[in-house]
Amino acid sequence: MVKQVQIDASVESEMRRIFTTLHKHPELSNDEYWTTEQIKGELTALDIPIKDYGLETGVVAEVTGNPDGPIIALRADIDALPLQEESQLPYQSQIEGVHHACGHDFHTAALLGAARLLRQQRDQLPGTVRLLFEPGEERHTGAKTMLKAGALNGVAAIFGMHNMPQIPVGEVGVKVGKLMASNDNFEVTINGAGSHAAMPHTGRDPLVATAAIIMSLQTIVSRNIDPADRVVVTVGQITGGHANNVIPDDCFFKGTIRAFSDESRALAKERFNEVVSKTALAYGQTATITWDQGPSPVDNEATVTKLVAEQAQQFMTVIDPAMTNADDDFASFEEQVPGCYAFMGSQGQSNLHHSDFIANPDGLKYAAKLHERVAIALLKRAAIGENL
């Protein structure tokens, strides 16, 4: 039986309004200017001070009770994906080719709901709750930007959540330790020599070399990584050639590597470089490899995570979530301070990053309440000097 959470009806109504408004106007990573102004407007209406960290997009605000008390942080990401929405929702995206297909609108609305709940009891807070509305998460830039700006300075602990459509509303996944994978994206250009398709001996075919490379890359996991470890190497795009009778000069492909340990992450990248460059050489060609190093694995600290589970159990069903090969740069915050990242039930018809993805707004009240309860519990713990 699903537990029911009690929350002020006006708070839930406001969250749903914000959620549908944001969903209709998604913005891509680091272009969230309209979204940023909407968040600022909501916070200003609540008389919650906005802090200036010199961010172009994204918002930092604080709900302060005792100004001499500890600071804890709550985080939500705000960007959308370059994907055409096909959900047929009455509040479907009005921006061509852009879709909140990861539910960051859900995260933002929930944190604004929590801000409203915390504002109502601001005088009783034993410290400060810092609200981080992070831009650019999908491009792995947001956490880096906020950390460089000092948005985590003085923070004792951090909590965040991601909606999870495989989990029913009213349930939350909480796990100590590794939860999400690291991410390293690669782009490769194989440089050969073009020729007439009927005279391949007069050139060096980069398409054949690329095909051999991609097939060989599959052995990185199967013949190098301990089967007990989790590593994924995926090529997601190949581009090469323009005509059926022309061998091109080059071929391009890109993809991603996901891992859960530093050792496997380093080994997979090392073997990738070797396989690509030496296979290209065997075909008389050269390779140019570019890396976009993403976040480390999300790794939840035990004390904070157990506190989150204790708070959630009071009004939700807490489950042990499966680890996922998806990534999240919340990991970058956890590398600086103790933290917990939870999976909030938002059961819908499709998975994350799908064109018909739907985050169920019925989950907003659970998400906002968990933010509120965790923030207060963390502040109380830090205020009496207990370690986090």
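The following dialogue examines how several terms apply to this predicted model.

Visitor: What makes the contact between α8 and α10?

Guide: On α8, the contributing residues are T303, V304, L307, V308, Q311 and A312. On α10, they are L370, R373, V374, A377, L378 and R381. By class, the contact has eight nonpolar, two polar and two charged residues. The crossing of these two helices is right-handed.

Visitor: Why are α1 and α3 described as roughly antiparallel?

Guide: The axes of α1 (residues 9-24) and α3 cross at roughly 150° and come within 9 Å. Angles over 145 degrees count as roughly antiparallel, and α1 and α3 are therefore given that description.

Visitor: Which residues of α1 and α3 make their contact?

Guide: Helix α1 contributes V11, E14, M15, I18, F19, L22 and H23. Among the residues of α3 in the contact are F106, A109, L112 and R116. The contact as a whole divides into 10 nonpolar, three polar and three charged residues.

Visitor: Why are β1 and β15 called edge strands?

Guide: The open sheet has eight strands in the order β1-β2-β4-β3-β5-β16-β6-β15. Strands β1 (50-51) and β15 (317-319) each pair on one side only.

Visitor: How do you know that β6 and β15 pair?

Guide: Two strands pair if at least two bridges are found between them. Strand β6 (residues 171-173) and β15 have three bridges, in the parallel sense.

Visitor: What makes R122 and D47 a salt bridge?

Guide: The closest N and O atoms of R122 and D47 are 3.6 Å apart. The cut-off is a side-chain nitrogen of Lys or Arg within 4 Å of a carboxyl oxygen of Asp or Glu, and R122 with D47 forms such a salt bridge.

Visitor: Which parts does this pair tie together?

Guide: R122 lies in the loop between α3 and β4, and D47 in the loop between α2 (33-45) and β1, so the pair ties together parts that are 75 residues apart in sequence. The whole structure has 19 salt bridges.

Note on methods
Residues are numbered from 1 along each chain as its sequence is written. This is a predicted model: local features need pLDDT of at least 70, side-chain atom pairs count only at pLDDT 80 or more; totals for chains, interfaces and linings use all residues. Side-chain values use heavy atoms; hydrogens and water are left out. A crossing is left-handed if the near helix is turned anticlockwise from the far one by less than a right angle, and right-handed if clockwise. Helices (H or I, at least four residues) and strands (E, at least two) are DSSP runs, numbered from the N terminus. Contact means heavy atoms within 4.5 Å. Ala, Val, Leu, Ile, Met, Phe, Trp, Tyr, Cys and Pro count as nonpolar, Asp, Glu, Lys and Arg as charged, and the others, Gly among them, as polar. Axes are lines fitted to C-alpha atoms, for helices over the stretch in contact, and angles run from 0 to 180 degrees between N-to-C directions. Angles under 35 degrees count as roughly parallel, over 145 as roughly antiparallel, 65 to 115 as roughly perpendicular and the rest as oblique.
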